Amino acid sequence: MNFDRCCKLWFTLIFAFSVSIFSSCERPFIQKKRLRTERVLLHPGGFSDQVNRTDLAEWRLARLATFKVTKQEMFSSNVEIVLCGVAGEFSLFVNDSLLLACDGSAGSYRVPVRGVLKNGENDLRLVFSESDGFRGQTGPVVLDVWNDAALRSVSLSSSPGDRGAVVVSGRVEVDVRRKGRYDVVLTDDNGRVYFSHRNHYQPGVHTVEMAFGVNHPKFLLSGDDGTVYPLPMSVVLAGKANTGRLDCLRYDFATGCFDAR
């Protein structure tokens with residue numbers, strides 16, 4: 001009798017363990033950490049907030065951040081730094097490794113960092129070039145950990161249309177690592193959906209293009225120069241029902257800045 005009970009208990013534990021493993025494999029691990037950056041001036045000899053203003057040519061504007069990474073995050077399929085709203089030429093360093101040198105012309109950047117991260121504290125430096133002086137700036141800096149799919153790049157723009165309308169056009173690149181059904185949705189802060197695209201994707205980078213008009217005054221803003229813009233919109237990448245929202249980038253047409261959500 002005791003033997004039968006032990007067998008039943010043993011098989012019950014094996015079944016429960018198998019279900020938990022299956023569930024964890026089915027549901028993607030998603031972790032987004034917004035890093036708190038500090039604005040400093042960087043000199044070849046070190047860092048300082050006290051600068052001799054007659055010697056500015058020797059200095060560079062930089063953003064510094066210290067962030068912690070767990071073992072689970074370190075060994076996830078994809079670990080990236082997402083940069084939004086970078087203005088000017090810059091170089092990105094993580095733990096003293098140069099990962100990206102760019103002119104800052106894109107709205108957002110994704111930089112793989114899995115190979116340079118350490119368990120525990122890590123250091124990030126975003127250093128702007130001499131040619132941009134002290135005008136370099138950046139929006140949010142996010143540590144993004146994901147497995148299934150992510151927004152590789154997003155490009156949105158608006159232009160005047162007929163009868164006071166505004167035409168919005170865009171291009172979205174979706175980086176898929178696990179085949180399945182994915183939705184790309186464009187929505188404003190109030191939840192109004194302007195564009196929706198659903199497709200079954202194989203692993204790879206896939207492009208979604210969009211174009212539509214916005215003509216209701218309620219959904220338009222006027223800039224100081226009289227230019228009319230749509231309300232800020234978010235590009236949302238979603239998976240099937242049990243995965244939910246996977247990624248999101250918000251774009252402000254008036255300022256031309258992205259924000260990772």
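This is a predicted model: local features need pLDDT of at least 70, side-chain atom pairs count only at pLDDT 80 or more; totals for chains, interfaces and linings use all residues.
Me: How many cavities of 30 Å³ or more does the count give?

Reply: Rolling a probe the size of a water molecule over the atoms shows where empty space is left. Here the count comes to one cavity of 30 Å³ or more. The volume of the largest cavity is about 80 Å³. Its lining has 14 residues, and Val82, Arg110, Asp247, Leu249 and Ala260 are the closest to the centre.

Me: Which strands each supply at least two residues of that lining?

Reply: Strands S8 (108-112), S10 (141-146), S11 (149-160) and S19 (245-252) do. By class, the lining holds seven nonpolar, one polar and six charged residues.

Me: Asp144 lies in strand S10. Why does Asp144 count as buried?

Reply: Buried means under 20% relative accessible area. Asp144 counts as buried because its relative accessibility is 1%. Its side chain makes a polar contact of 2.8 Å with the side chain of Arg110. Beyond its neighbours within four places in sequence, Asp144 is in contact with residues including Gln31, Lys32, Asn78 and Asp247.

Me: Which residues of S18 point one way, and which the other?

Reply: In a regular strand the side chains alternate between the two faces of the sheet. In S18, Met233, Val235 and Leu237 point one way, while Ser234, Val236 and Ala238 point the other way. Six of the six residues in this strand, 233-238, are buried.

Me: What pairs with S18?

Reply: Strand S13 (residues 180-188) runs antiparallel to S18, joined by six bridges, and Val184 stands opposite Leu237. S19 also pairs with S18 in the antiparallel sense over six bridges; there, Cys248 is the bridge partner of Val236.

Conventions: Residues are numbered from 1 along each chain as its sequence is written. Side-chain values use heavy atoms; hydrogens and water are left out. On a 1 Å grid over the protein atoms alone, a cavity is a set of points where a 1.4 Å probe fits but cannot get out, and a pocket is an open set with protein on both sides within 12 Å along at least five of seven lines; lining residues have an atom within 4 Å of a point. Grid points are joined across faces, edges and corners, and a volume is the space filled by probe spheres set on the points. Helices (H or I, at least four residues) and strands (E, at least two) are DSSP runs, numbered from the N terminus. Ala, Val, Leu, Ile, Met, Phe, Trp, Tyr, Cys and Pro count as nonpolar, Asp, Glu, Lys and Arg as charged, and the others, Gly among them, as polar. Buried means under 20% relative accessible area, exposed over 50%, partly exposed in between (1.4 Å probe, protein chains only). A polar contact is a pair of N or O atoms within 3.5 Å; within protein, one must be able to donate a hydrogen and the other to accept it, and residues adjacent in sequence count only if both atoms are side-chain atoms. Contact means heavy atoms within 4.5 Å. Two strands pair if DSSP finds at least two bridges between them.
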